[in-house]
Each structure stands twice: as structure tokens, then as C-alpha cells.
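Visitor: I am new to this structure and would like to learn how to read it. Could you walk me through its features?

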Amino acid sequence: MPAPRRGGPLRIAAALILVLVLLPVGGVLTHAVAPPLTTLLMVEQGLKGQGADYRWRRLDDISPRLVEAVIAAEDARFCSHSGFDMEAIEKALESNARGRRVRGGSTLSQQTAKNVFLWPDRSWVRKGLEAGYTVLIEAVWSKRRIVEVYLNVAEWAPGVYGAEAAAQHWFGKSAADLTAREAARLAAILPSPRRYRAASPGPYVRRRASRIQAAMGTVRNEGLAACVLN
């Protein structure tokens, strides 16, 4: 009777760990050069019967005003951090601890990691995976690539993904032709693209877009988007 093999469970565990490491690394390396074919959010919405308007565009074919607007609205220190804005995280924790309206501290890098590789919920498991993917994409991708991917996979309206589809949906034009005002309105609806409208917006979006458009001047004058618009 053959002797039982030793180390079988250890080999299986090692193989599983290797797969769990290689899958994320492989995905990050692939999307450093190739556009994502879809995202888990698109798949989830598709299973619910909702179509997806997803049109990839190179960053050179997207208005630089939209880059400025998104950095102004979502992550003003994008070019100076390595994936995590510790100042924003501290402010978010302080605000939440005082019982105020919950605010986030997610950077564009973190949002890109979530949008491309993960599912849309707020669990600690997903947040942990998001942190790992953020480290990977910051190590492998350029800042320019991070913004390019973000602008192409972000949801801008129900079933509308990416800057090109958003520009066509809301303004009937190409993403390359967006004005500063239109770009600010698109950035203004990013936190809740299923609730707000970029075209014919209500008072909240108009006020937020006005603040974003003013901040775009600061982004431009102080070179806060220099790592992307070079």
C-alpha cells in the first residue's frame, strides 16, 4: 500500500496563494496597455437587464478640461500622492467620528481600482482589496494611465460609462469637444450619477459645478494636473 503523500495540503495552499497573487498582478499588467472589456458593475447591471453604453477613448481624445474638472472635484492632490491621500482620509475619519454626514477620502487611484477590478459595495473585504489594487496600479501604471482608465470606466448616468458616452448622452457631442462648463457639470454628478443630471441640472449640481469650474482654474494655474496633461 503506497505511503500517503506528505505536504499535499501545503502544496494546495501554496498554489492557491500563487493564483491569488498572480490574478491581480496579471490584470493590472494587462490593463496597463489594454482597455478593460467590461467591469463588474457593467456585468451586474447587465444581469438586471440594463444595457451599457461604453466607448473607450484615448486620453488625447478627451478634453483636458474634463481632466482638470475631475482632479478639481475628486482628488486635488492626485499628482503628489502615491495612491492614498492621508490628509483627506484623516479629515473623513474626523468628520465621521463627529457624527456628521459620512464623507469619503478615496483618491482617483482608489476609485479606478474599485471600478475596474472590484464590485460596488462598502464591505471591509472590498476596501482591503481596493487598497491592494491601488498599490499595484500606482506601481505599474503612470498617473496619466490611471486618469485615462478612470475617465473611460466611470459611470456618468444609468448604463452610461466613460467620458465619450457621457458627453454624447448629456451634451450630444464628443468628449474631445467638452467645454469647461460641461466638464464641470460632468464632474459634479460623479458622486451620484444615477441621481443627478449634467444637462439641465438642478440647483445642487449648478452650485457644485460652479465651484468645480472655479477650482479648475487653480488646478491649471498651479499645475495640479501636470502629471497627466504633459
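Guide: We will go from the overall layout to the core, a helix, some links and a surface patch. This is a predicted model, in which local features need pLDDT of at least 70 and side-chain atom pairs count only at pLDDT 80 or more, while totals for chains, interfaces and linings use all residues. Residues are numbered from 1 along each chain as its sequence is written, and side-chain values use heavy atoms, with hydrogens and water left out.

Visitor: How many helices and strands are there in the chain?

Guide: Helices (H or I, at least four residues) and strands (E, at least two) are DSSP runs, numbered from the N terminus. The chain has 10 helices and 3 strands. Read from the N terminus on, their order is α-α-β-α-α-α-α-α-β-β-α-α-α.

Visitor: What share of the residues in the chain is buried?

Guide: A residue is buried under 20% relative accessible area, exposed over 50%, and partly exposed in between, using a 1.4 Å probe and protein chains only. Here 41% of the 230 residues are buried. For the chain's surface, accessible areas come from the Shrake-Rupley method with a 1.4 Å probe, and for residues only the protein chains shown count as cover. That surface comes to about 12600 Å², and carbon and sulfur atoms hold 58% of it.

Visitor: What share of the contacts joins residues 24 or more positions apart?

Guide: A contact means heavy atoms within 4.5 Å. Among contacts with a separation of 6 or more, residues 24 or more positions apart account for 69%.

Visitor: Which residues have the most contacts inside the largest nonpolar core?

Guide: In soluble globular proteins, nonpolar side chains tend to be buried together. A nonpolar core is a set of buried Ala, Val, Leu, Ile, Met, Phe, Trp, Tyr and Cys residues joined through side-chain atoms within 4.5 Å. The largest one in this model has 51 residues, and L66, L151, W156 and W170 have the most contacts inside it. Two or more residues come from each of helix 3, helix 5 (108–117), helix 6, helix 7 (143–153), strand 2, helix 8, helix 9 and helix 10.

Visitor: Is helix 9 mostly covered or mostly open, and what covers its buried residues?

Guide: Helix 9, residues 180–188, is mostly covered, with 7 of its 9 residues buried. Those residues are E182, A183, A184, R185, L186, A187 and A188. Their cover includes helix 3 (64–74), strand 2 (155–157), helix 8 (163–171) and helix 10 (203–221).

Visitor: Which cysteines form a disulfide?

Guide: A disulfide is a pair of cysteine sulfur atoms within 2.5 Å. A search of the whole structure finds 1. C79 and C227 form it, with their sulfur atoms 1.9 Å apart. The link is left-handed, with -75° about the S-S bond. C79 is in the loop between helix 3 and helix 4 (86–97) and C227 is in the segment after helix 10, so the pair ties together parts 148 residues apart in sequence. C79 is partly exposed at 27% relative accessible area, and C227 is partly exposed at 21%.

Visitor: How many salt bridges are there?

Guide: A salt bridge is a side-chain nitrogen of Lys or Arg within 4 Å of a carboxyl oxygen of Asp or Glu. The count comes to 17. One of them joins E68 and R220, whose closest N and O atoms are 2.6 Å apart. E68 lies in helix 3 and R220 in helix 10, so this pair ties together parts that are 152 residues apart in sequence. E68 is buried, with a relative accessible area of 3%, whereas R220 is partly exposed at 43%.

Visitor: Where do R145 and E148 lie?

Guide: An α-helix has 3.6 residues a turn, so residues three or four places apart point the same way. Both R145 and E148 lie in helix 7, 3 residues apart, about one turn of the helix. They form a salt bridge with closest N and O atoms 2.7 Å apart, and both are buried. Elsewhere, R58, D60, D61 and R144 are linked in a salt-bridge network.

Visitor: Which residues form a nonpolar patch on the surface?

Guide: Patches are made of residues with over 30% relative accessible area and no salt bridge; like charges are joined within 9 Å, and nonpolar side chains (Val, Leu, Ile, Met, Phe, Trp, Tyr) within 5 Å. L40, W119, V125 and L129 form such a nonpolar patch, with about 340 Å² of accessible area together. L129 sits in helix 6 (residues 124–140) and is partly exposed, at 37% relative accessible area.
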